[in-house]
Each structure stands twice: as C-alpha cells, then as structure tokens.
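Q: I have a model open and would like to go through a few local features with you. Could we start with the backbone and then move on to charges?

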Amino acid sequence: MEVVNTIGRRKSAVARIYVNEGKGNITINKREFKEYFPTTTLQYIVTQPLNLVEAVEKYDIKVNLDGGGIKGQAEALRLAITRALMQIDPESRKELKAAGFVTRDPREVERKKPGQPKARKRFQFSKR
C-alpha cells in the first residue's frame, strides 16, 4: 500500500495526514497522539472513524495540525482520517456516512462589522 494523503478542515483548523500500513501509531506535529490530545473526549473524537471500520491497529498516521482550537483540530483530524479510510476502502463510505463523519461542518466564525461591538450585537439605541 502506498502512502495516502488527505486533508480535513473545521473552523480555522487544518489537518494534513499521511496514512500507511503499520501498528496504529498516530503522531501529531512530531508528538504522541495522547500527549497532544490529553482529554479522553478529544481522543475519542479522533479515533471514531478508525473504531467504526475496525482499523485501529492497521495504519500509522502522521499528522500536521495547524490553526484553530483544540476541539476544531480534533474534528478536522477526524474528517481527514475518514477521507483517508474512504480512499483506502471505498466500501467503508456507507457506514462512515451513516455515522456522519463524511460531511464537513461548514460553520465558521462570523466577522465583526464596523460600528458594532461584535458580529451581530448592536450598541444600545438612544432615541434622545
């Protein structure tokens, strides 16, 4: 199997991954996966697609994560892993799509407008 290269995005986080056969090691920015995501919730989010297709210890994954917060990075990585698994085995798409991992979450932060304190909030209106 050749190296599979995919990308995943969420908010302003970008995950670029390289997947090849191995023992199930996940390296993020040259750090151990459990060291980078210390909470079990984030670790669970990242490994969801691997657990679903029962490929936890089949592939080694090297990740370049950039931008965003820790939750956005975890969800970007989940999307990238899902896309890589679909490239490796196209039959797994059906169950990954049913679990909701294939769709990219399009929600982004709305920009702040001039003359307002935030994106939607307005300054208090004064009639007089």
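Q: Where is the place of K11?
A: K11 sits in the loop between β1 (4-10) and β2 (13-21), where strands are DSSP runs of E with at least two residues and helices are runs of H or I with at least four, numbered from the N terminus. Please keep in mind that this is a predicted model, in which local features need pLDDT of at least 70 and side-chain atom pairs count only at pLDDT 80 or more, while totals for chains, interfaces and linings use all residues. Residues are numbered from 1 along each chain as its sequence is written, and side-chain values use heavy atoms, with hydrogens and water left out.

Q: What is the phi of K11?
A: The phi of K11 is positive, about 50°, although K11 is not a glycine. Most residues other than glycine have a negative phi. N29, in the loop between β3 (26-28) and β4 (31-32), also has a positive phi of about 50° and is not a glycine.

Q: How exposed is K11?
A: K11 is partly exposed, with a relative accessible area of 45%; buried means under 20%, exposed over 50%, and partly exposed in between, using a 1.4 Å probe and protein chains only. N29 counts as partly exposed too, at 30%.

Q: OK, charges now: how many salt bridges are there?
A: The count comes to 8 salt bridges, each being a side-chain nitrogen of Lys or Arg within 4 Å of a carboxyl oxygen of Asp or Glu. Among them, E110 pairs with K113, their closest N and O atoms being 2.5 Å apart, and both E110, at 36%, and K113, at 22%, are partly exposed.

Q: Which residues do shared partners join into one network?
A: Salt bridges with shared partners link R10, K71, E75, D105 and R107 into one network. Within it, the side chains of D105 and R107 meet at 2.8 Å, N to O, and R107 is exposed, with a relative accessible area of 56%.

Q: Switching to helices, is α3 largely enclosed or open?
A: Helix α3 is largely enclosed by the rest of the structure, because 14 of its 19 residues are buried. Its residues 70-88 should span 27 Å at 1.5 Å a residue, and the end C-alpha atoms are 27 Å apart, which agrees; the expected span is 1.5 Å times one less than the number of residues.
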